[in-house]
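Colleague: Thanks for making time for this one. Please take me through it a question at a time, and end each reply on whatever I asked for.

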Amino acid sequence: MAMFPSTPSAIVPVLALLLSLPVLYFFVSSHILPPHQISISDPDELDDLSLFHKAIAMDATNFSRHSTRHPSRRSHLSAAVRRPKIAFLFLTNSELYFAPLWERFFANVTLKQYNIYVHADPFVKIPPLEGVFRDKVIPSKRTQRSSPTLISAARRLLATAMLDDPLNTYFALISQHCIPLHSFNYLYDFLFDMKKLYKDLDFRSYIEILDDQPFLWDRYNARGSDVMIPEVHFDEFRVGSQFFVLSRKHASMVIKDRKLWRKFKLPCLNLNSCYPEEHYFPTMLSLQDPKGCTRFTLTRVNWTDSVDGHPHTYHPPEISPGLIYDLRKSNSTYSYMFARKFSPDCLNPLMEMADSVIFKD
């Protein structure tokens, strides 16, 4: 019995079906099958551990050279000679759409006040960075939304910045969809205001820490029932924006951690409730130094009409001075310093009012 039709008229549909299989597979895998969460390989983990050990050793050596017990006090009181710096940590898997706006933000600012570090997903083709971003890309690994790879990338940025410059005192994590809401000098004066120093002259971290969200139970069990125990009990599980401004003290805590990381890097069974990058940092710092954190973020985000876990994205028709003024307002005693999420085509209207509105404090 013939297995395949031999006439030309019958062969054509068979060939068409065979040729369509790759397209059909792509459609099914991307729209029907559950998304695949990439894992962190052992070589990548070892690379990170080596980096973390170097940064921790350097920080310990730098600490031992000073008589004070408090590194943050040392950094601040030495500001007359060597000013403390802000490390800007850009985490991106695409082009830095708002690089021109950030260029304007850093214009006329001395390099003695800041450093820039960029973690760019090597699996995505990104145009060469110029200006203040030239040669600022650190050794980077693949990243994926709603996966532990975003935690790894943030820790990698923190460790690189700590190792690179002992004067990096604050560490601001920023996305490619984020814009500044104030001038650099406004942010710098706010962060290093001596009146904001915590006990023992420590700088506090600006990180959102929430414990009353209705989805916490599902997210806590995203890796399986009781998997987080004993390291993290449910009443210790926290959530917050993944974009923070950490003090050097807390950045050191993050890269020293091994215990919580072993749990948060585990793959999720329920991907719809898997957002480890929103839980690892607030949970860890809430456990280790809750009073040293403000529990508020400096990055404004609009969740009023979120889609698939993404916040509201602003588009050019929405850009106005009034929007900038509204985004600055917060429920705390201080202003928001950054905001997200903006579509790339917002660049031109933002640049048009950069000097007259955004950087006019």
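Colleague: Which residues are buried in helix α4 (residues 99-106)?
Modeller: This is a predicted model, in which local features need pLDDT of at least 70 and side-chain atom pairs count only at pLDDT 80 or more, while totals for chains, interfaces and linings use all residues. Residues are numbered from 1 along each chain as its sequence is written, and side-chain values use heavy atoms, with hydrogens and water left out. Helices (H or I, at least four residues) and strands (E, at least two) are DSSP runs numbered from the N terminus, and buried means under 20% relative accessible area, exposed over 50%, and partly exposed in between (1.4 Å probe, protein chains only). In α4, the buried residues are A99, L101, W102, F105 and F106.

Colleague: Seen down the axis of α4, within what arc do its buried residues fall?
Modeller: The arc is that of the directions from the helix axis to the C-beta atoms. The buried residues of α4 line one face of the helix, because they fall within an arc of 155 degrees.

Colleague: Which residue of β3 stands opposite I86?
Modeller: Two strands pair if DSSP finds at least two bridges between them. β1 and β3 (residues 168-175) pair in the parallel sense, over seven bridges. Within that pairing, the residue opposite I86 is Y170.

Colleague: Which residue of β2 stands opposite L91?
Modeller: β1 also runs parallel to β2, joined by seven bridges. There, L91 stands opposite H119.

Colleague: What is the bridge partner of I179 in β9?
Modeller: β4 and β9 (residues 338-340) run antiparallel and are joined by two bridges. In β9, the partner of I179 is A339.

Colleague: What does the side chain of S140 reach at 3.2 Å?
Modeller: S140 sits in the loop between β2 (114-120) and α5 (149-164), and its relative accessible area of 15% makes it buried. A polar contact is a pair of N or O atoms within 3.5 Å, where within protein one must be able to donate a hydrogen and the other to accept it, and residues adjacent in sequence count only if both atoms are side-chain atoms. A polar atom of the S140 side chain lies 2.7 Å from the backbone oxygen of I138. At 3.2 Å, the side chain of S140 reaches the backbone nitrogen of A120.

Colleague: Is S146 buried or exposed?
Modeller: S146 is in the loop between β2 and α5. Its phi is positive, about 60 degrees, although it is not a glycine. At 12% relative accessibility, S146 counts as buried.

Colleague: And D135, buried or exposed?
Modeller: D135 also has its place in the loop between β2 and α5, with a positive phi near 60 degrees. With a relative accessibility of 73%, D135 counts as exposed.

Colleague: What is omega for the cis peptide bond that joins I229 and P230?
Modeller: Most residues other than glycine have a negative phi, and most peptide bonds are trans. P230 lies in the loop between α7 (216-220) and β6 (245-247). For the cis bond between I229 and P230, omega is about 10 degrees.

Colleague: What is omega for the cis peptide bond that joins R340 and K341?
Modeller: K341 lies in the loop between β9 and α12 (347-352). For the cis bond from R340 to K341, omega is about 25 degrees.
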